Amino acid sequence: MPTTDCLPDLRLDVHPKRDIDVMFDGPRVSSDGGLLLLRQIDARLGPVWGRVAALLSDKRSPRRIVHGRLEQVRQRIFQIALGYEDQNDADALRHDPLARTACDRLPDDARGLSSQPTLSRLEHAVTARDVVSLQRQLEADYVAMLATETGGRRARHGRDG
């Protein structure tokens with residue numbers, strides 16, 4: 001069925017390899033359109049999830065890694081934000097074309113995202129040291145954001161009295 005005026009197409013620049021065309025009458029349907037909004041927020045926040053992923057210890061053999069830490073962190077955060085707080089739905093969601101796209105995979109990538117057991121291994125691999133590092137990084141990010149937002153106002157108040 002061709003798109004009509006009441007069903008406009010939408011092109012988004014949220015994937016690193018290609019633009020994503022959103023159609024409301026396409027052959028492949030996603031269960032969670034909110035992923036597009038989450039991915040856009042993720043892009044605007046900058047490398048927050050990249051810093052989180054970099055701080056997590058990874059003792060996996062580099063030759064056997066299929067799902068990088070950034071992809072896994074994004075997948076887990078997005079699933080939690082969409083209401084899938086436990087990992088029971090990961091096996092079904094890993095094949096969702098929009099979920100793959102939000103995690104920088106191509107929609108038709110046959111490998112899919114991480115399975116429930118793989119995400120469980122990710123969560124169980126996080127150490128207390130990792131948690132402390134994450135906490136310090138988030139605190140540093142927050143303080144840097146405050147300094148940026150209030151720096152100009154403090155300088156003016158300091159000069160004015």
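**Exercise 1. Determine where Asp-104 is placed in the chain, and whether this residue is buried or exposed, or in between.**

Step 1. Asp-104 sits in the loop between helix H5 (97-102) and helix H6 (116-125). Helices (H or I, at least four residues) and strands (E, at least two) are DSSP runs, numbered from the N terminus.

Step 2. This is a predicted model, in which local features need pLDDT of at least 70 and side-chain atom pairs count only at pLDDT 80 or more, while totals for chains, interfaces and linings use all residues. Residues are numbered from 1 along each chain as its sequence is written, and side-chain values use heavy atoms, with hydrogens and water left out.

Step 3. Buried means under 20% relative accessible area, exposed over 50%, and partly exposed in between (1.4 Å probe, protein chains only). Asp-104 has a relative accessible area of 22%, so this residue is partly exposed.

**Exercise 2. State how many helices and strands the protein has, and in which order they run.**

Step 1. The protein contains seven helices and two strands.

Step 2. Read from the N terminus on, the order is β-β-α-α-α-α-α-α-α.

Step 3. The protein has 161 residues, and 33% of them count as buried.

**Exercise 3. Describe the surroundings of Glu-71.**

Step 1. Glu-71 belongs to helix H3 (residues 69-81).

Step 2. Its relative accessibility is 9%, and therefore Glu-71 counts as buried.

Step 3. Contact means heavy atoms within 4.5 Å. Leaving aside residues up to four places away in sequence, Glu-71 touches Cys-103, Arg-105, Gly-112, Leu-113 and Ser-114.

Step 4. The side chains of Glu-71 and Arg-105 are joined by a polar contact of 2.8 Å. Such a contact is a pair of N or O atoms within 3.5 Å; within protein, one must be able to donate a hydrogen and the other to accept it, and residues adjacent in sequence count only if both atoms are side-chain atoms.

**Exercise 4. Identify the buried residues of H6 and what covers them.**

Step 1. The buried residues of H6 are Thr-118, Leu-119, Ser-120 and Leu-122.

Step 2. Their cover includes H3 and helix H4 (90-93).

**Exercise 5. Characterise the lining of the second largest pocket.**

Step 1. On a 1 Å grid over the protein atoms alone, a pocket is an open set of points with protein on both sides within 12 Å along at least five of seven lines, and lining residues have an atom within 4 Å of a point.

Step 2. Among the residues that line the second largest pocket are Val-73, Arg-76, Ile-77, Leu-122 and Glu-123.

Step 3. H3 and H6 each supply at least two residues of this lining. The largest share, four residues, comes from H3.

Step 4. Ala, Val, Leu, Ile, Met, Phe, Trp, Tyr, Cys and Pro count as nonpolar, Asp, Glu, Lys and Arg as charged, and the others, Gly among them, as polar. By these classes, the lining has eight nonpolar, no polar and two charged residues.

**Exercise 6. Describe the lining of the largest cavity.**

Step 1. A cavity is a set of grid points where a 1.4 Å probe fits but cannot get out.

Step 2. The largest cavity is lined by 14 residues, of which Leu-35, Gln-79, Leu-82, Leu-93 and Ala-99 lie nearest its centre.

Step 3. H3 provides the largest share of this lining, three residues. By class, the lining of the largest cavity has eight nonpolar, three polar and three charged residues.
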